[in-house]
Each structure stands twice: as structure tokens, then as C-alpha cells.
Amino acid sequence: MNKDTKQTEQSFGSEIGTEESLFEKCKNIIKHNKLAFFSLIVIILIILCAIFANVVCRYNPYTQSLKDRLLAPSFAHPLGTDELGRDTLTRVIFGARVSLTIGLIPTLISMIIGTILGLIAGYFGGKIDFAIMRLADIMLAFPSLLLAMVVMYTMGGGLINIFIALSLVNWASTSRVVRSETLSLSKKEYVEAAKSMGVGNATIIFRHILPNCIPTLVVLFTLSIPSAILSESSLSFLGVGAQPPTASWGLMVVSAKKYLFTQPVLVLSPAIAIMIVVLAFNFLGDGLRDILDPYLKEQ
Amino acid sequence: MVKNILKRILISIPVLIGVVLIIFIMLRVVPGDPVTTMLGEHVNQTVIDKISKEMGLDKPLYIQFFTYISHAIRGDFGTSYRMNRNVTGIILDAFPNTVRLAVCAAVVSWIVGIAAGIFAAVNKNNILDRLFMGGALLGVSMPVFMIALVLQYLFAYKLKIFPVSGYETAASMVLPSIVLGWNSAGSIARMTRSNILEVMQEDYIRTARAKGLLEFAVMKSHALKNAMLPVVTMMALQISSMLSGAVITENIFGIPGIGRLAVNAIETRDMPLLQGTVIFTTILVIFGNLIADSLYSILDPRIRKEI
Amino acid sequence: MKKKFILLGVLLALSLSACGSKGTEKADDKTAKTDSKAKTSIDTTGFLVTSINADIQTADPDKTSKDYMVPLNIFDRLVEVEVKDDGSSELVPSLAKSWDISEDGKVYTLHLQEGVKFSNGADFKSDDVVYSLTRMLGVTGAVNGDFVSQIEGADKVMDGSSKELSGVKAIDDYTVEITLSEPYAGFLACLSASPVCMLDKDTTEAAGDKFGIDPSVTVGTGAFKMAEWTVNDSIVLTKNDTYWGGDVSLPGVLIRVIPDSETRNMMFKNGELDILDFDFMIDYIDTYKKEMPDVLHHTPRVGVTYFTFNENIEPLNNVKVREAVCKAINRQEIIDSLMNGVATIENGIFPRGLIGYDSSLPEIKYDPDGAKALLAEAGYPNGFDMEISVDSSSSDTTKTVLEVIASQLNEVGINATIKNYDESTWLATRKDGTLGSFMSTWTADYNDPDNFIYTFFGNEKNTKQRSLNYPDKAVMDRVSAARTIVNADERMAEYDELEKKIVTEDFAWLPMFSKEHYYGVSKNIEGFKPNWAGISDMRFVGFSKK
């Protein structure tokens, strides 16, 4: 992978000088980040599946049929059925909705919180900076799963509360990154110049600093999604995550793990689904970092 | 350097107070009367009121907070509602088990992670590299309890090499340590590998190579030490995620550590115990980060001045 | 640069040695800490090894309503229950070697076993009986007072207005006279209940809060002594050499705390556990039946799993709606598909195995169309919203059954949703009388129908505490009155009628099923005998291990 990185960097260097078409550029990027590109396709496919789950699936994920319980994989049920006779494939596909939402929404919320606080801390510095960073220190000091458990303890299980728990847990690291980026950006000449010209703080932050943080944020965002998905499965294992009959992948693995010996496909399908999505986001994040970093370095 | 470390310690104090405050408030928001929870169903209101008073729960929140802090400083975290024992005692009994698990897991993850990373870097892009990196990815992409289940099934149940649960003997610690360490090992391996590869591109390595030094010698004397710096910091930062992972691992393998206590406390709504466990683990994390920072400044003179 | 490496190496080596030498370090560490109770300090070779899925909260029988494994083995009761070979059970003398009951059924004179010693050497005398019964009612945190609340003066001790229990008198060292406030035919059975343990007055009083927590002061007359308790890890019981009831074959019992079902399952199969309790692991029974049927033992659980209606919640206060819900739930399908053949339909309040069980009760038939018709009749042709509440600490099976019930109710148009509560909130809400419908199991504490019907329909307070809010005062008064009927046949006839009224006319609760309790027992255990009522906690006194 690292070999690819270096080549990408070099090719970027040459590309900027020459006048290649956009298409050529894209082709080049894809060529040097095959894995990331492939992951992107996988993610898009899974998202499409999740959005059009009702169209893709033959069954309803919640309709029980006790006489069809624990069926082995067959043509009618490619991944068999679970202990309540629900089609596993259908539930895995519908589970993508829940798990992806859990991956995306809390991560997005925590990124937004973290970015705003990071920008404020880095740009204004002084006491505000100190206060925000100590708050971030406090949040980072909690082992994330424990803090999420405490939040779930206070508010009870359920999807919305998972969103809140995971958002609260993860904003601190974002704010640290954004802060340090803001710090270095606000020392740049053009920011200094803008300041001396009397441009408003908000304008500077949103026009000059934030856009330059975006690439980093995109990478961070992509790389944070897997941990949110895995955290949900841990919370489900401890009984404070998603609640039945909601089908999240984590909960499906937890409730099917007693069938590991007798009907492994029940456990393995959601587990592998988790694995694929987590890996895809990791690869995509790595790829994005390789693509976006050179720009950051140049500026 | 000593001054820097002292400064770090000083900064940790407000963080610590903040941690206690946040946990304290969060747990007080919980609906329901803690005393009813504690005494169960068959008790009348007069008894409940009497005990609330004894525990100071009738006082304003800020007084409760300061009482708690002043007791906590003296090492008294209150009495567990459900176990009728001193929380500090319960935690101190459980603490060595968690530490032992975390240390063993850390050792597994450092040794395996660094070794695999170096090995993969040396064998860049061949089949071994892919195998190692695949293993590393598996560790970071599976729910911890799935890894545990599969390892238990293979090594304890099928092959009968290790016991299914337990923590007393060295053999019984192997599986929990691997389960808990795998994730970190994966990240460390990936980081080690990419750092080494990056360092190898640097001019001084190229020079060394050009001078005709053997690959191994180059690796040993130049590449490793520069590649290891970020990894060292990372290892210390893993303390936090290790403690998170320990919650799950301890529950699966039946290890009576702090993670188990936290889960117990949540299941039985045992507020003092939960409070104590979270605060205690957090202190550990802060302490770990402190060590990491100090270590980093010892290892890398360049940043000594910056802290 | 080299220094860094050395440092790193040292660091690694340090952590390694910390890890590697833990075997020896552990021992030092534990001896240094005097209060520590490592399981290594007792040689548990030859001990029976069993497991529980969550640690007990206390070994004090007066302060727990569920953790009886330790009390059953380290304490004795005045009378015990013995299961005969035909499966029926009877009361047998224990610390009370005989008893006389007065004509009017109010005065019980107990003659105590002489020469019984507590494991700390103290003699067991009538003072201890008086103390133990009073403590059950009056100690702070007492939860089992109801078992002996029929004793005269019990209410005064319970509300704290008196320290003395007027109804219990020590006549001499070995005779105790117990006077009830009114005759109660089930009293002797009450004395056999798991929590009615005989404690050593002096030791227990001196121990205060430490009783039940610190093994060294938690002493009884039982076949075993509590030797060690490591929180969340294990409890060690060792043989009581001075046990009065005869020789005990087991050198001790190791009770391990293992929360994870898969782990327990693999441990049993690997021989790391001698007894496996399938109570929370019903799904595993099928595999065992196929692979290793000879380790399976089962015993009827004298208990009924029931589904409730809170009659304070609209529209469940409408009897037609309740009947409709009863008819919409397909109990047979649930049993066939989810219970792995361990359950049988129940149709009343008193389950099979209990005195007063009535096999002739009509079955509430599954009839979805009838249910829809009833709903329409009641004015809910389009159904209604219904909350089913679940305690998140209940077994997977319970949760799954509730999911199925919800979906069966949806089929007749009732919009049933499941709400999760953690255990304490669930209990507290239930106690408030505001919990929605739920499913739970009541297992006999003692063999008398009163233990069931009085708990749920005995008076306004009881029915509220179970979130039933049964409104018929006349019926509840009869339930209360039935306790005092001295003639056994008349009493049972009254219970039959009441049961019929509550279940088949009022549809105040839906009996679901009773279960067989399955255990896996490794082949080197002999004399395995589970609890008469089929609860998980059992006495190990007759067991032996090869």
C-alpha cells in the first residue's frame, strides 16, 4: 500500500504541472488506489441495498414464521432463517440500514461538534482554547465503551440513545485534530493578511480555514465509521445496544451466537457483513488519506 | 524534563475533577430513587427516608458532590448498594485481574504487532506481507466477542490446548490476552509497517544502502528506531481502548476484573459502584497518557522543549 | 539513539516479566493482602464444580429473594422438603425433630433436634429460632418477611414498632412455641421455604452488616461451610466436619461465576464444570439430546409462567379485551417451536406438582378469529396500542417468546410493542403498579397454593405490586380468608373455585406454561438430586464425586 502512496504523490506532482483532463486524473487516482476504489464501490452497493431494501428483499424482516425457524440455507432462503423463522438474508440487508445509520449519523454529529469546537479553540486560543481542550481531555480520558455504557445506563437502550452516546464519546479526538490544523493555518500569510485587512473572524474561519480542514475531516470521518459500527455491536453484546426486534448487525450476531455450533451461517452472515463494511471504510479511508494528504502538505 | 512532567501532572488534576463531575451529574440524572433500588421491594417509606438521610441523598447536589470528592480523595468511594461492601475494596480486589489481563494483552499486541509489522515491511507485497496484514485487518474488523468465541471454540473446545475460562494460570490467560490484544496488534502492525516503509524512503537510508550496508543492518540501525517513535505513543494511547475491550473480554472469560464490575453495576443500577469503577478506570487512562507523554519526550529529544 | 532501544527493550522485558511471573507474584500478592480471598488458597481438588451466571449479592437468606444456593447449603431449616421416588414431595423433620399443632390450628410447638452445633462450635438452641424468625421480619433490608408474617406480632416487627416477636417463645432450650395471628394451614410449608434459615444468634448479631458478606462470620448448621467468596469469580463451600445430619461425601463445592452461556457450555463439555444449569440455555438442550443424552437430567419446575394484564391500563380493564388477548396468543406454537419440548401448557394459577393443581381446568384455546370478534365487540375493531415490558436481564428465551407474542397480537390487530427496562427499573415500575403487560415465572417457595394465589390476588397491595391491579375486592377477600380454613379439603375446594373465577371468568392473567428444568450432570457425579420445586439452587448434601 505504501508503495502506492509514494507513486501517487509523485504522479500528483507531475499532474499538477501538466494539463491533463479531469478524466485522466480520475483514471490515475483509481489506478493507484485500486483497493480504495473497490471499497468505495462496495460501500455504494451496500448503501444502495440498504436504501432499496424493500425492493431487493422478498421477505419482511420482522414477519415471524415459527414453522420455518432455523432452516438451513436453501434456494428460498439463501442464508437460512433465524430462531423466529425470519429470512436471514433479508435481515442482513435491512440490518445494513440500522448499522450504516449507526456508523454514519453519530460519527457525523460528533464530527460537527468536534469541528466547531476545534475551530474555535484553534482560532481564538487563550482561555477558550484551554477550556475546550481540557473538556476534550476529559472526554478522551474515559474509556469510550464505558462512557457509552454510562450514557445508555442513564437514558436506557434504543437507537436514538446509541446515537447520543456515540456522538458524545467521539467528538474530542476530532476537535484536537481540527484545532492543531487551525493553529497552523491561522499562521499562514493569507490568513494573517485577511486579518490585517479587517475581515471578520467568521469569514476567515469559514472561508479560509474550514475549507482547508475538509480533506482531513473526510479522512477522519471515513476512518471513524468502522469504530462506531463495532462499538454498537459491543453495546449490543452487553445488552444496552439496539433492542429487538430492530435488526442491527451487532444485535444479530449477539442473538445468534448460541447457534454457532448448530447453524453457523446465522452468526457468520451478520459478522461477515460487519467485517466487509468495516474493512471497506478502512481501505477507503487509507486511500483517501493517500490522495488528500499531498495537497495538505503542499499548502 | 522533570518540570515538563510535573506540568503534565498539574494539568491532569482539573481533568480528573472534570471526569468526576461529569460522571456524578450523569448518574444523578437517572430517574428513580437509588434507595428503593438498593433496598428492594419490601421496605416501607420511613426506612427509605431514614437511609436517604444517612447517605446524604437529601442534601443539594453540590454538597453531595463535595462530600463525594472529599471522601474520594481519602480513597473512600462509598458503599455499593447491591454488594453492601466498600466500593474501594471491591475495585482494589478486581484491579489486579484487569491489570494483569491488560498487561498480558499489551505484551501480546506489542510483540506480535511490531514483529508482524517489521516482517511485513521486509517482505513488502509478497504473500507473507499480505497474510500478516490480513491477520491485522481481521483483528480490527471483527467484534471482540466474535474473536473470543471463535478462539474459544478452536483452541479450548476443539483442540483443548487452553481452558475455556479462568485467569489463575498462565495457560488460561493466553486466550483472553490474544482476544484483547489482537485489535491493538493489528493497528500496531499496520503502523509499524507503514512507518518502516516510509523511513526506508528517506535519504539517509538510501545513502546507507548505497554504501552497501546489508538490508538487515540498515533495518536495525536506521529504519527501526525512527519508525518506532509514533508506535510507542500509540501503544500508550491503547490503554484506553484496552480497558474498553477488557469489559467484553472479562465477561466472556469470566475474569473478575473492573470491566465485570462496570457491567454488574449497570445491570443492578448500583450507582456508587458504577461511579467508582468509571472514575478509577479513567484515572488509569490519564496516568497511562502521562506515562506516554513522558516516555515520548524521553525518547525524542526534539519535542522535549515543546511540551 | 541506542539508548532509546535499550529503553524500549527494558520496557518490553519489564512488562513481559510482569506477565510471565504472575503465577508466583500472585501468591505473594494474595498473602500480603489479608482480606483477599483468592481461590488459590483452598485446594479445591475433588470439589464439585458448578456455575452461576451472575454473582450472588449476599449469602444472608433474609436479604435476598433469589440467591439461595449458598443459604440452602450452609444453613438448615426447621423442616425440609423431600422428594420421594414417585416425584411427589413431603415435609420432613430437620432442625425441628417433631411438632404439635393445636386444635384451632394457631399454636405450633416445635421440638428441636438436640446436640446440633453451628460450624463455629456454638450450640443450636431455641433462642436461635426466636432470633432467626424475628430477624427475617425486622432486619434492615429484610425481603422475606412475608414467609413468616402469619406469626402473631409479625406486623409490629416489620414496621419497626417492636423489636420482640410476640408470637414466638422459647419454652426451654429445645422447645419453641409459635402462635399465629390466625390459623394458617400452610404455615409448616412456609417454614420449609429456602429463606427460613436458622442462624446463630450471637455470631450473627455481632457480625452486623458483615453477615452474609464475610464468610468467616456467616455460619450455620448446614452440611457445608462458606469458606471463601471472591466477588464475580467464585464461592467456595467446604464440608462441615461437625455436621449433625450424617456424613457428607463431597469435600466441598466450588461455585464459579460465569456470565457467558457459550463459555459455560464449552466448560461443561470440556469437563471444567460438573453441573450445567440449562435454565438460561434452553436452546442448547436439543444438541445435548442428540450428542450426549446420558448427561441430561430433568425435574419438573413447580412453577407457572404467566402473562399479565394491568387492569389500570385502558383498555385492558375490559374483560373482553383481556379474553381477546388470551385467545390471540398461540401458546402451543410457542412451546413447540421455542421451548425445545421442555414446557407444557398450564391453564390455571397452580402449576402441576403443586398441592391444589387442578387438571380439569378448561383450556384457553387459540382462536384469532374469536379474538378479533371480541375486540370488535369491546369497541376496538381496529385493535389498540399495547406495551409489553421486558426486564433486560431475563433469559433469551423469555425475550424471544415475548417477541413472538407481540407478533401474534399484531396478527389480530393489536399493536403490541416491546419495551425494555433494566432489572431495577422494571422491578420498581412493577411495584408502582404501572408496568405494562409482562411475562414472568413464579416458582413455589413452599408447597401450598397460597404461595401463588395470595402473592398475586391476596389483597390490593399484592395485586398492585405485581402490576395486575385486579379490581375484584370480594375475590381477594376470599383469597385472604382461604388461608385460615383449617379443613384441608374445604380449603382446596375454595382454591379451585377462586382459580376458575380469576382465570377463566375474569381473564385476569394468562397462564402460559410450566417447564421441565434441565441440568447437565457429568458422569462422575452421583446422587444428583435437584431442588423439589425445580429452582436452580439445590442442596449438595447427598452428592458425591468420583
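Colleague: Let me start with chain B: in which hand does H1(B) pass H4(B), right-handed or left-handed?

Modeller: First, a word on what we have. This is a predicted model, where local features need pLDDT of at least 70 and side-chain atom pairs count only at pLDDT 80 or more, while totals for chains, interfaces and linings use all residues. Residues are numbered from 1 along each chain as its sequence is written, and chains are lettered from A and ligands numbered from 1 in the order in which they are written. Helices (H or I, at least four residues) and strands (E, at least two) are DSSP runs, numbered from the N terminus. A crossing is left-handed if the near helix is turned anticlockwise from the far one by less than a right angle, and right-handed if clockwise. H1(B) passes H4(B) in a right-handed crossing.

Colleague: And at what angle do the axes of H1(B) and H4(B) cross?

Modeller: Here is the general idea. Two packed helices are described by the angle between their axes and the distance between the axes. Axes are lines fitted to C-alpha atoms, for helices over the stretch in contact, and angles run from 0 to 180 degrees between N-to-C directions. In chain B, helix H1 (residues 2-28) and helix H4 (residues 61-73) cross at roughly 130 degrees, and their axes come within 11 Å. Angles under 35 degrees count as roughly parallel, over 145 as roughly antiparallel, 65 to 115 as roughly perpendicular and the rest as oblique. H1(B) and H4(B) are therefore oblique to each other.

Colleague: Which residues of H1(B) and H4(B) meet?

Modeller: Two residues are in contact if their C-beta atoms, placed from the backbone, lie within 7 Å. From H1(B) come B:Val20, B:Leu21, B:Phe24 and B:Arg28, and they meet B:Leu61, B:Phe65, B:Tyr68, B:Ile69 and B:Ala72 in H4(B). By class, this contact of H1(B) with H4(B) has eight nonpolar, no polar and one charged residues. For those classes, Ala, Val, Leu, Ile, Met, Phe, Trp, Tyr, Cys and Pro count as nonpolar, Asp, Glu, Lys and Arg as charged, and the others, Gly among them, as polar.

Colleague: Now chain A: at what angle do H9 and H10 pack?

Modeller: Helix H9 (residues 189-196) and helix H10 (residues 201-237) of chain A pack at an angle of about 165 degrees, with their axes 11 Å apart. That makes H9(A) roughly antiparallel to H10(A). Here A:Tyr190, A:Val191, A:Ala194 and A:Lys195 in H9(A) meet A:Ile204, A:His208 and A:Ile209 in H10(A). The contact has five nonpolar, one polar and one charged residues.

Colleague: How many helices and strands does chain A have?

Modeller: Chain A has 12 helices and zero strands. Of its 299 residues, 49% count as buried. A residue is buried if 20 or more other C-beta atoms lie within 10 Å of its own, exposed if 12 or fewer, and partly exposed in between, with C-beta atoms placed from the backbone.

Colleague: Is B:Trp182 buried or exposed?

Modeller: B:Trp182 is found in helix H8 (residues 170-201) of chain B. With 25 other C-beta atoms within 10 Å, B:Trp182 is buried. Leaving aside neighbours within four places in sequence, B:Trp182 is in contact with B:Gly139 and B:Ile147. B:Trp182 and B:Ile147 are 35 residues apart in sequence, and their C-alpha atoms are 8.8 Å apart in space.

Colleague: What phi values do A:Leu70 and B:Lys160 take?

Modeller: Most residues other than glycine have a negative phi, and most peptide bonds are trans. Phi of A:Leu70 is near 50 degrees, a positive value in a residue other than glycine. A:Leu70 lies in the loop between helix H4 (53-56) and helix H5 (88-124) of chain A, and is partly exposed, with 17 other C-beta atoms within 10 Å. B:Lys160 has a positive phi of about 55 degrees and is not a glycine. The place of B:Lys160 is in the loop between helix H7 (144-158) and H8 of chain B. B:Lys160 is exposed, with 11 other C-beta atoms within 10 Å.

Colleague: Which residues does the cis peptide bond in chain C join?

Modeller: That bond joins C:Glu314 and C:Pro315, with omega at about -15 degrees. C:Pro315 is found in the loop between strand S13 (303-308) and H10 of chain C.
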